[in-house]
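Trainee: Please take a close look at the aromatic rings in this model. I would like to follow how they are paired and what surrounds them.

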Amino acid sequence: MHFLEILIKKRNGRKLSPGEINYTVSNYTAGNIPDYQMAAWLMAVYFRGLDEQETAALTAAMAGSGQILKVAPGRGAFIDKHSTGGVGDGTSLVLAPLVAAAGVPVLMVSGRGLGHTGGTLDKLESVPGLRTDLTAARALRQVRCIGVAMIGQTAQLAPADKKIYALRDATGTVENISLICASILSKKIAVGIKGLVLDVKCGNGAFMKDFPGACKLAGLLMKIGRARGLKSKVLVTDMNQPLGNAIGNSLEIAQALEVLQGRGPDDFRELTLALGAEMLILGKKAKDKQTAITVLSRLLSTGQALNKFREMIKAQGGKIDKLPSAKYKTSILAKKGGYIRSFDTCAIGLTATLLGAGRQTKEDRVDPAAGIWLNKKLGDRVVPGEVLGEFHYNRTLPLKAIEQRFVQAITIGSDRPTVKPLIMERW
Ligand code: URA
């Protein structure tokens, strides 16, 4: 088999066999296919698409690129949650310890920031000393001991996704439902979880901009996941504004700490409870949504979820009391008054990237303290000169241009808009 032939076959819109997909994934992971050829393959897939069988084969090949963990029976089924990517969505940081505090074991395998979206791994690593590169054996031991671990793909767990994810980010090939589906599910299958709650984001800050596209991705995730024995629940949620107030790694950790103490922004809390309730039901710790939400709210207000978070951070070597904060803070003021009518959420995410919170090339290092604290949400009233948001950054930047981008991403008008429900659909 020659990779160039496989690449040309997909470029010409033909279907690849499982063998060809396996060859592609295993040889790219082993370093036998150079980045430039794999980038061309990804672009061919982006334009030509993969059908369901090809997507299933890609998912299986990526999951099988490393070890597939076998979780000992009798420990309780591991349940996980994953989002398809949004701006300011740090719910995983709260959900993993919260659900673990309710007695559901969580071994969460997360990814890095992708495009304009943030990544749980980058957020976690903004905690000084915290390791996310635990071996599978160590992560499993930690889950047995304290009920929760949050890690990244390693050389053992879905290493293909780690490489392909970084290349997609740098080649404009993120927004393809088959690539997203294989990326998410390969990590989950590798860990041997039994249940998965998926948050499929929909809107101008998501990879799926419209409802039909989000539903298509949701359906594909459920179908491919179920075929691999994964019990799944999917929520399609609105991403036409950043979630919560924080965008950027240590800022989002600080916000998660607030939510873990029963405070924090309403939308963030609403989504956390909705996703957490589904995790509890899949993990058989609650029989219905209302019971689950009551349990979760109590764990937040009593500090038990926060204690679990602190326990996890400590077990992974992190020092939560030493969160980095940026040297420079600049308030961005509203030039006119009215109501916040819309956000260009993708542009807000990119603004945070320009401040240092994300990567523009795959070699870039993220600045853990950089980001934006957003003071206003959709429908909020604004008076001229009021603070719309605060930039946090450490380096010399073309601040005027970044500010202009940010301000242009927020539409202020005289009528208050109707704000759509956060949870758009449930399956
Ligand atoms: N999350 C992932 O893990 N992969 C994607 O491709 C998108 C979101």
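Mentor: Phe 47 counts as exposed because its relative accessibility is 64%; the class requires over 50% relative accessible area, buried means under 20%, and partly exposed lies in between (1.4 Å probe, protein chains only). The model is predicted, so local features need pLDDT of at least 70 and side-chain atom pairs count only at pLDDT 80 or more, whereas totals for chains, interfaces and linings use all residues. Residues are numbered from 1 along each chain as its sequence is written, and side-chain values use heavy atoms, with hydrogens and water left out.

Tyr 46 is partly exposed, at 28% relative accessible area. The structure contains 3 aromatic pairs. Tyr 46 and Phe 47 form an edge-to-face pair, because their ring centres are 5.2 Å apart and their planes meet at 85 degrees. Rings of Phe, Tyr and Trp (its six-membered ring) pair if their centres lie within 6.5 Å; planes under 30 degrees apart are stacked, over 60 edge-to-face and the rest tilted.

Phe 391 and Phe 406 also pair edge-to-face, at 5.3 Å between centres and 75 degrees between planes. Phe 391 belongs to strand β11 (residues 387–393) and Phe 406 to helix α16 (residues 399–408), so this pair ties together parts 15 residues apart in sequence. Helices (H or I, at least four residues) and strands (E, at least two) are DSSP runs numbered from the N terminus. Both Phe 391 and Phe 406 are buried.

Charged side chains also meet rings. Lys 163 lies over the face of Tyr 28, 4.4 Å from the ring centre, and the charged end of Arg 381 sits over the ring of Tyr 339, 5.7 Å from its centre. The criterion is NZ of Lys or CZ of Arg within 6 Å of the ring centre and within 35 degrees of the ring normal.
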